[in-house]
Amino acid sequence: MSRPMIIAPIETFSATVSKQIDFLYSGGPQAISSHLIVERVSNNAIVYNATISTFNLFHIIPANSLINGVEYRARIRVGGANNFWTDFSDWVVFKALSPATVVVTNIDTQNGDKVYNQSILFTALYTQPEQEPLNSYRFLLYGSRRNLIQAYTDQFPGLQSSPPLTLTQQIDNLENNQVYFLEVLTLSISGAKSTSGLVRFVPYYLAPKIHTTIVPLNVKEEGSISLSANILQLIGKVYGPDGALVSNVEFINNEFLDLTRIDYNRAVFEEGFSINQSDFVLKFWVKNMVIGETLLTLTTPDNGSVDVICASNRIIVEKYYQSKSLLARYATPVLTIRNNVIYMIGVMQRHQMIDVVIVEEVS
Amino acid sequence: MFIGYDFFGPLGHGSAFITPVIHDRYTALKVANAIYNELYMDGDTTLALTPERPTQWNYRTVAHAQFNGALEAGSVAANGAQIDEIRIQRRETNGLAWLDVATMKYDSSLGQNFYHFSDRYIKNHANYEYSLVPLAANITGHRVLSNPITPEFEGVFLADRDANYRLIYDIEVESIEHITANAVLEPLNSQYPIVVYGNSNYMKLSVTALFVSPSGEVVDGNHMNVKQENVARAALMDFLKNRKPKIYRDMHGNTKLVTIVDNPKEEPHSQIFGIAKISFSLVEIGPINTVTLTRTGLLQVWKGLEQQDATGWRV
């Protein structure tokens, strides 16, 4: 005599929603009802026992009939006309579980879903109320049109690790200002699948730039190409009157650095600054110079210096030998120095001799 | 009359009035007591003290600060972040993929700014362009492109990361054999054979050349410096026998990742003492790309400073 068969495995589901149990049945009289029995595995207590009159080959367990986090087994029999009943099917074991939540944690959702690097170690938080351990998870990266770019390899956190778990994935080579979507898929040990959904993010970073030119040259004798470039990273530092480094330097309109402020004493270019020759051309554009003070100082390793000083009506350059023992002085012709006018001050040293000029910039 | 000294110059440069103070280098620049808009310093004194603002970073530029929201004054802008590494990449001008040629761990505290690099893994008469790519805080930066260049050289070169040997006299590059393994099976009951192919696909070639040391010269018409030639040739033979991967390139435009097989031969010259004809066979062992160059030790990527040479590039 034929008997029905429940389609196994029954995927783990949440007891707070109704669940359809599918079964196969053939070879007997027409099915007009199905009788499903669900028992709790731990103590064999019958928790669901109902007959539904239907021609369909499925049986729906209504929501909230079961409890999440509990393991159950189910069997079914099919009823026909004239109080006919088939034998019960085999038992099928399943588990009811609350849905897990997966949340990507290191996207700046307050600021337009930004991430601030080209290479990001993405982290996601996995939580599940019944502490169901995770079997595996994987991250998927999608492009702006939700096209799959890459499915990263499955990762296995280990069965000892119960939620909440932090899931991580390193993703490299993200393009600046491009919209991406990230999805995290998880699979628990009893087969419950969950997803974070498609989470939008935009990498946003400032890429470094080199302003140099590279010059390739053929070297016939060596059968090679030689390349030369002038690469220099030189970052200035601003110090306050007490000699402490100013960490957040403010600029005026992103155009001017105001070193007449009482809290800014000087700006120094030191690490990376080097010129191994005496000849140079130095030009700088300034306004609101403080009369009688030194504007600019070039220092040698043995405490020699070139000082550019703003006198009341001219620019003076003083050149000192070691520890100010010997002095040479050069000056521009006399002029009236006004405030709020940009001046170009130029200093050129050739054959140890200095030319100094001051020119009012025509705006 | 002393050249360069002028008693009545417009700025009072007379040697009678001004003591010439000698400085030979500067290592720091300090600014204060004004509102700064721009600062430019160059080692090239042919630039005049004209009021035009600088437009680009030149080969001898020392500093260029624009105070536009950052205190950067170098040729590298990373918005205040430290540049960690600079890569040189190359491609053929009609190609798409960039190949790493060298990497450098960048250290601004060394105070170096002139970098020089010699690329020896090139094809004769190919058309190349180069680019520099900076990396800061794991962010790949913008690419700086060079003008295209076409290498032109004569002779046969064998090189690895440290050495570069040139063979130029009486070179014979013998026929290049393309090895593709195959077998012809003749079943007894069939009119035609069955041909089976293997996956092998590589080149084998042999080279013969008269080796003269790079500084070698003929003394008295037909005498060489025998001792010098012996030292140079011994170094070449050691290089040929060191079992390491090498880059072979020749004037015909072949550039291959090879290793030496069979027995290299020296055939002493019968008239000129000290020099010898050298012959050896080569087998191609891989494509030339970033992965194989890294694996064969011909290129180092993402490693520490220990192999840095004096100029900063690890080559």
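**A first look at chain A and a pocket in chain B**

Chain A exposes about 17700 Å², and carbon and sulfur atoms supply 49% of that area. Keep in mind that this is a predicted model. Chain A has 30 strands and zero helices.

**Chain A overall**

- Chain A counts 363 residues, and 47% of them are buried.
- Take the contacts in chain A with a separation of 6 or more: 53% of them are between residues 24 or more positions apart.

**A three-strand sheet**

- In general, strands of a sheet pair through backbone hydrogen bonds, and the pairing can be parallel or antiparallel.
- One open sheet in chain A is made of three strands in the order β1-β2-β5, and the pairing here is antiparallel.
- At the edges sit β1 (5-6) and β5 (58-61) of chain A, each pairing on one side only.
- Two bridges link β1(A) to strand β2 (residues 19-24) of chain A, in the antiparallel sense.
- Looking across that pair, you'll find Ile6(A) opposite Phe23(A), which belongs to β2(A).

**Thr12(A), a residue in a loop**

- Between β1 and β2 of chain A runs a loop, and Thr12(A) lies in it.
- Is Thr12(A) buried or exposed? Its relative accessible area is 13%, and since buried means under 20%, Thr12(A) is buried.
- Setting aside neighbours within four places in sequence, Thr12(A) is in contact with Lys95(A), Leu97(A), Ser190(A), Gly191(A) and Ala192(A).
- Thr12(A) and Ser98(A) are 86 residues apart along the chain, yet their C-alpha atoms are separated by 9.3 Å.

**The second largest pocket**

- As a general idea, rolling a probe the size of a water molecule over the atoms shows where empty space is left.
- How much space lies in the second largest pocket? The answer is about 280 Å³.
- This pocket is lined by 14 residues, and the closest to its centre are Arg90(B), Glu92(B), Leu99(B), Lys123(B) and Ile288(B).
- Which strand gives the most to the lining of the second largest pocket? That's strand β5 (residues 83-92) of chain B, with three residues.
- Sorted by class, the lining of this pocket has eight nonpolar residues, four charged and two polar.

How values were computed: Residues numbered from 1 in each chain as written. Chains lettered and ligands numbered in written order. Predicted model: local features only at pLDDT ≥ 70, side-chain atom pairs only at ≥ 80, totals over all residues. Heavy atoms only, no water. Helix = DSSP H or I, 4+ residues; strand = E, 2+ residues; numbered from the N terminus. Buried < 20%, exposed > 50% of the residue type's maximum accessible area, 1.4 Å probe, protein only. Contact = heavy atoms within 4.5 Å. Areas by Shrake-Rupley, 256 points an atom, 1.4 Å probe, with all protein chains shown as cover. 1 Å grid on protein atoms, 1.4 Å probe; cavity = no way out; pocket = protein on both sides within 12 Å on 5 of 7 lines; lining within 4 Å. Points joined across faces, edges and corners; volume = space filled by probe spheres on them. Nonpolar A, V, L, I, M, F, W, Y, C, P; charged D, E, K, R; others polar. Pairing = 2+ DSSP bridges.
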